[in-house]
Amino acid sequence: MRVVVVGSVNLDLVARVARLPAGGDTVAATEYARVPGGKGANQALAARRLGADVTLLAAVGSDDAADEALALLAEDGVDLTAVRRVDGPTGVALITVDDSGENTIVVVPGANARLTVDPAQLAAADAVICQLEVPMDTVAAAAAGMPAGALFCLNPAPAAPVPPAVLDRADLVVANRAEFASVPGLDRAKLVAVTAGAAGAVLRAGGREVARAESPAVTAADGTGAGDAFTGALVVGLLSGLDREAALRRACRAGAAAASRPGAQPSLPRPADLDALEAE
């Protein structure tokens with residue numbers, strides 16, 4: 001199966017704290033790490049680790065952070081030949097994670113704001129995945145340029161209004177509860193997965209629930225990347241022929257596995273991790 005991800009690449013600057021700061025508050029970090037991230041890169045790596053052949057269409061800067069941000073993708077065999085290097089900084093995410101695994105994220109787009117897509121780059125795809133950390137015009141161009149028969153998945157994060165034409169082309173939308181509540185018209189897509197963290201996820205079609213799956217019980221370490229693991233796993237599951245309920249259950253296991261470990265890309269699971277959770 002061939003998956004093309006049109007999306008962001010960031011270097012995550014992660015501070016771990018006992019509690020998240022309130023407005024005007026200052027707290028001391030207990031750990032600090034620089035970790036490859038970005039929703040596009042995370043979803044590309046998630047799909048790759050679960051068995052898909054993955055090409056990433058992205059933009060990174062001319063700084064040293066670019067190589068650091070792409071390192072795990074290259075190590076796992078994601079095709080990076082379509083990643084453009086542009087003048088200026090690579091995208092950065094400023095992430096704070098507390099002891100319960102809750103986080104706050106501020107994204108500085110950098111090179112991601114200059115990503116464009118040529119429909120010819122999508123021609124061989126069985127599925128295309130987009131998110132909203134890149135320009136909406138780029139997402140719209142990907143939706144309009146989809147090859148016949150390919151699955152188009154949209155993750156509307158960070159939440160923002162999406163053109164109706166994009167939603168009408170979407171075979172699958174993956175949104176958390178807050179995104180589903182705040183982005184109008186998501187039920188226009190053929191299939192909508194609404195995630196609820198430890199509470200699992202539901203699938204909707206035609207404006208009504210058609211499937212539901214629970215999330216395995218895990219000890220949360222860091223929720224960063226859990227939704228991206230879910231998205232990659234759901235797309236790979238559907239492409240591999242799993243029925244909707246089985247694909248949803250597997251995606252919930254992927255999200256739980258990612259949430260149980262720190263760091264976005266380092267936490268993304270492999271098939272053995274999902275099998276272990278299924279066996280419990």
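In this predicted model, Val-9 is buried, because its relative accessible area of 0% falls under the 20% limit for that class. Val-9 sits in the loop that links β1 (2-6) to β2 (10-17).

The surroundings of Val-9 come from several parts of the sequence. Gly-38 is 29 residues away from Val-9 along the chain, yet their C-alpha atoms are 4.4 Å apart in space. When neighbours within four places in sequence are set aside, Val-9 is in contact with Gly-37, Gly-38 and Ala-41, and also with Leu-56, Ala-58, Val-60, Ala-69 and Leu-70. Thr-90, Gly-91 and Asn-112 complete this list of contacts.

The chain as a whole contains nine helices and 13 strands. Of its 280 residues, 52% are buried, Val-9 being one of the buried residues. Among contacts between residues at least 6 apart in sequence, 62% join residues at least 24 apart.

The overall dimensions are consistent with a compact globule: for 280 residues such a globule would have a radius of gyration near 19 Å, and the chain, with 17 Å, therefore agrees. The table gives values for the chain.

| Property of the chain | Value |
|---|---|
| Radius of gyration | 17 Å |
| Span of the C-alpha trace along its principal axes | about 50 × 45 × 35 Å |
| Accessible surface | about 11,500 Å² |
| Distance between the centres of positive and negative side chains | 5 Å |

Carbon and sulfur atoms account for 53% of the accessible surface. As for charge, the chain carries 23 positive and 33 negative side chains.

Key: Residues are numbered from 1 along each chain as its sequence is written. This is a predicted model: local features need pLDDT of at least 70, side-chain atom pairs count only at pLDDT 80 or more; totals for chains, interfaces and linings use all residues. Side-chain values use heavy atoms; hydrogens and water are left out. Helices (H or I, at least four residues) and strands (E, at least two) are DSSP runs, numbered from the N terminus. Buried means under 20% relative accessible area, exposed over 50%, partly exposed in between (1.4 Å probe, protein chains only). Contact means heavy atoms within 4.5 Å. The radius of gyration is taken over C-alpha atoms; the globule rule is 2.2 Å times the number of residues to the power 0.38. Accessible areas come from the Shrake-Rupley method with a 1.4 Å probe; for residues, only the protein chains shown count as cover. Lys and Arg count as positive and Asp and Glu as negative; His and the chain ends are not counted. The place of a charge is taken as NZ of Lys, CZ of Arg, CG of Asp or CD of Glu.
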